[in-house]
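Have the sequence and the 3D view ready.

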Amino acid sequence: QVHLVESGGGLVQAGGSLRLSCTASGGIFSINAMGWYRQAPGKQRELVAGITGGGRTNYADSVKGRFTISRDNVLNMVYLQMNSLKPEDTAVYYCNFILEATNPNGSWGQGTQVTVSS
């Protein structure tokens, strides 16, 4: 059973920064790829950043150069450093195992709200 807890969201002005954290359990964390996703009102959830167990990363074009995903395989945590935030980054942010996220019946945490004011 996957269990995910996200934190670190908040209200920030455009150009500001936030660091999101996620504690994950229910899988063999160190070998599983993890991702940060976001869902804005009226839109589908999208993958914004992913990281393999070995630390290789990939990013959505909309966040490249501004967001950085990282992980700590000892603490079973994944992070998202978000810089130069824009109003269009406003969304609820979720983390998940990449495999779990592709399961239509997969488990998700409660997410953390990020609001960027202009």
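What radius of gyration would a compact globule with 118 residues have, and what does the protein chain have? The globule would come out near 13 Å, and the protein chain has 13 Å, so the two agree. That radius is taken over C-alpha atoms, and the globule rule is 2.2 Å times the number of residues to the power 0.38.

Before going on, some ground rules. This is a predicted model, where local features need pLDDT of at least 70 and side-chain atom pairs count only at pLDDT 80 or more, while totals for chains, interfaces and linings use all residues. Residues are numbered from 1 along each chain as its sequence is written, and side-chain values use heavy atoms, with hydrogens and water left out.

**The overall build**

The protein chain has one helix and ten strands. These are DSSP runs numbered from the N terminus (helices: H or I, at least four residues; strands: E, at least two). Reading from the N terminus, the order is β-β-β-β-β-β-β-β-β-α-β. Along the principal axes, the C-alpha atoms of the protein chain fill a box of roughly 40 × 25 × 25 Å.

How much of the protein chain is buried? Buried residues make up 43% of the 118 residues. Here buried means under 20% relative accessible area, exposed means over 50%, and partly exposed is in between (1.4 Å probe, protein chains only). The protein chain exposes about 6,100 Å², and carbon and sulfur atoms supply 50% of that area. Those areas come from the Shrake-Rupley method with a 1.4 Å probe; for residues, only the protein chains shown count as cover.

Now for contacts, meaning heavy atoms within 4.5 Å. Among contacts in the protein chain with a separation of 6 or more, 56% are between residues 24 or more positions apart.

**Charges and salt bridges**

The protein chain carries 9 positive and 7 negative side chains, and the centres of the two sets lie 4 Å apart. Lys and Arg count as positive, Asp and Glu as negative, while His and the chain ends are not counted. The place of a charge is NZ of Lys, CZ of Arg, CG of Asp or CD of Glu.

Side chains of opposite charge can pair when their charged atoms come close. How many salt bridges does the structure hold? There are four, a salt bridge being a side-chain nitrogen of Lys or Arg within 4 Å of a carboxyl oxygen of Asp or Glu. Here are some of them:

| Salt bridge | N to O distance |
|---|---|
| Glutamate 46 and arginine 38 | 2.8 Å |
| Lysine 64 and aspartate 61 | 3.2 Å |
| Aspartate 89 and arginine 66 | 2.7 Å |

Aspartate 89 is buried at 0% relative accessible area, and arginine 66 is buried at 9%.

Arg38, Glu46, Arg66 and Asp89 are linked in a network of salt bridges. As for the remaining pair in the table, lysine 64 is partly exposed at 49% and aspartate 61 is exposed at 64%.

**A few residues to look up**

Is asparagine 32 buried or exposed? Asparagine 32 counts as buried, at 18% relative accessibility. You'll find asparagine 32 in the loop between β3 (18-25) and β4 (34-39). Leaving aside neighbours within four places in sequence, its contacts include Gly27, Ile51 and Phe97.

Valine 2 lies in the segment before β1 (3-7) and is also buried, at 14%. Not counting residues up to four places away in sequence, valine 2 touches Ser25, Gly26, Asn96, Phe97, Glu100 and Ser107.

Valine 92 belongs to strand β9. Valine 92 and alanine 40 are 52 residues apart in sequence, yet 6.4 Å apart in space, C-alpha to C-alpha.

Finally, check some backbone angles. Asparagine 76, in the loop between β7 and β8, has a phi near 60°, a positive value in a residue other than glycine. Serine 84, in the loop between β8 and β9, has a positive phi too, near 50°.
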